[in-house]
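Please look at the sequence and the structure below before reading on.

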Amino acid sequence: MLYLNHAGTSWPKPAPVQRAVSEALQSSPRSWAEAFASQHRAVASAFGISDPERLLLTPGCTAALNVGIEDHPWQPGDRIVTSGWEHHALLRPVLGLAARGVEHVVVGPDGRAPLDLAQLERVLGGGRVRMVAMSAAANVTGAVLPVDELTRLAHAHGAMVLLDVAQLAGWVDLDVAELDVDLLAFAGHKGLQAPWGVGGLYVAPRVEMSSPRRGSEPAPTPGYCDTGSVDRLALAGLVAGLAWLDAPEQRERLARARAALAQLTDRLEELAGVTLHGPRAPSSRMPTLALTVEGWSASGLASALAARGVIVSGGRQCAPLAHETLGTAAEGVVRLSVGPRAPVDLSDRLLETLGSVLEGARQGPE
């Protein structure tokens, strides 16, 4: 089987991750508190967070984004800015702020880059922007946004920055001090190689939040009671995944995976009827590729590939706004995304299978 849906979730999980999950499942309750504290510190350290209390571990990135966007003293007339590439996990709480009188502004691409920085600066200059909330990389096309520039512009106009790094974490070293963001949300089950069920939200010391607590004053930052139980097994797997990724040989594998997808991109561009979406340069995107094929729905092609042992994502990838931006809202795209153990013959295998699917369709049933 050829698994090409790592932007959805990584698979198979590394052996150390599987062992850590199994050991956590069998551990004694007497060790749980100490293990949680140690694992919490390890995850914080991986993101350059010196005070683990600034990192809220959550059941996933969606929970982190909900709290990170909603738990602020929003006022009618405030504005929140997103890009045109957002996953529904980020977009949903943003849209929910409309009930509190908050205006949502979308800054689109500029034709050459995924984010029009000039438009962003104009929006910020209009005032009342409390937060810029954006995905660091689009989950549909893998396009990487200019994080440094958007953060600088937002802070220059007094706006907070919330960054969703679900697609970057595990592929790129992320240090909250270097990023200079106010809030950072991540998922464990993608590039970080953890199982489903764990993520996190970093809250910078300069940020005062407004987490409602019944029967008491609002809490200054969200906590355990705001997001629910952290999956201890997934957390153990996350820490093991971080250690696995830190080895030099894994860094080399990540580079090879990027190169394999770049080669595949070049070869797909030569095929008649295939349209690629998003940036082409490997440096401009994560190892993710979106395409459509003339005469095929995205879901239909994904199903045909799966029947031949190639697993991809076909459809809208839970990102309706991104597909509106791409012009693919009707059918979505086929998304191919590789992991750190991408095979060296990736291009040959994928193109052989795709050719078989397309040829079979042309010939029809026997």
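## Sheet, helix pair and a loop residue

Helix H11 (residues 298–306) lies across E10, E12 and E13 and runs at about 155° to E12. Helices (H or I, at least four residues) and strands (E, at least two) are DSSP runs, numbered from the N terminus. Angles run from 0 to 180 degrees between N-to-C directions, and axes are lines fitted to C-alpha atoms, for helices over the stretch in contact.

This is a predicted model, in which local features need pLDDT of at least 70 and side-chain atom pairs count only at pLDDT 80 or more, while totals for chains, interfaces and linings use all residues. Residues are numbered from 1 along each chain as its sequence is written, and side-chain values use heavy atoms, with hydrogens and water left out.

The open sheet has 4 strands in the order E9-E10-E13-E12, with antiparallel pairing. Its edge strands, E9 (274–277) and E12 (313–315), each pair on one side only. From one strand to the next, the twist averages 30°. Two strands pair if DSSP finds at least two bridges between them; E9 and E10 (residues 288–293) have 4 bridges in the antiparallel sense. Thr275 has Thr292 in E10 as its bridge partner.

Helix H10 (residues 248–268) packs on the sheet and touches E9, E10 and E13 (333–337). Contact means heavy atoms within 4.5 Å.

| Elements | Angle |
|---|---|
| H10 and E10 | about 20° |
| H11 and E12 | about 155° |
| H2 and H9 | about 40° |

Helix H2 (residues 32–46) and helix H9 (residues 232–245) pack with their axes 10 Å apart. The pair is therefore oblique (angles under 35 degrees count as roughly parallel, over 145 as roughly antiparallel, 65 to 115 as roughly perpendicular and the rest as oblique). On the H2 side, the contact is made by Trp32, Phe36, Gln39, Ala42, Val43 and Ala46, and on the H9 side by Arg232, Leu235, Ala236, Leu238, Val239 and Leu242.

Met286 is placed in the loop between E9 and E10. Met286 counts as buried because its relative accessibility is 3%, where buried means under 20% relative accessible area, exposed over 50% and partly exposed in between (1.4 Å probe, protein chains only). Leaving aside residues up to four places away in sequence, Met286 touches Ala137, Gly142, Val144, Gln167, Leu168, Trp171, Val172 and Arg258. Met286 and Gly142 are 144 residues apart in sequence, but 4.7 Å apart in space, C-alpha to C-alpha.
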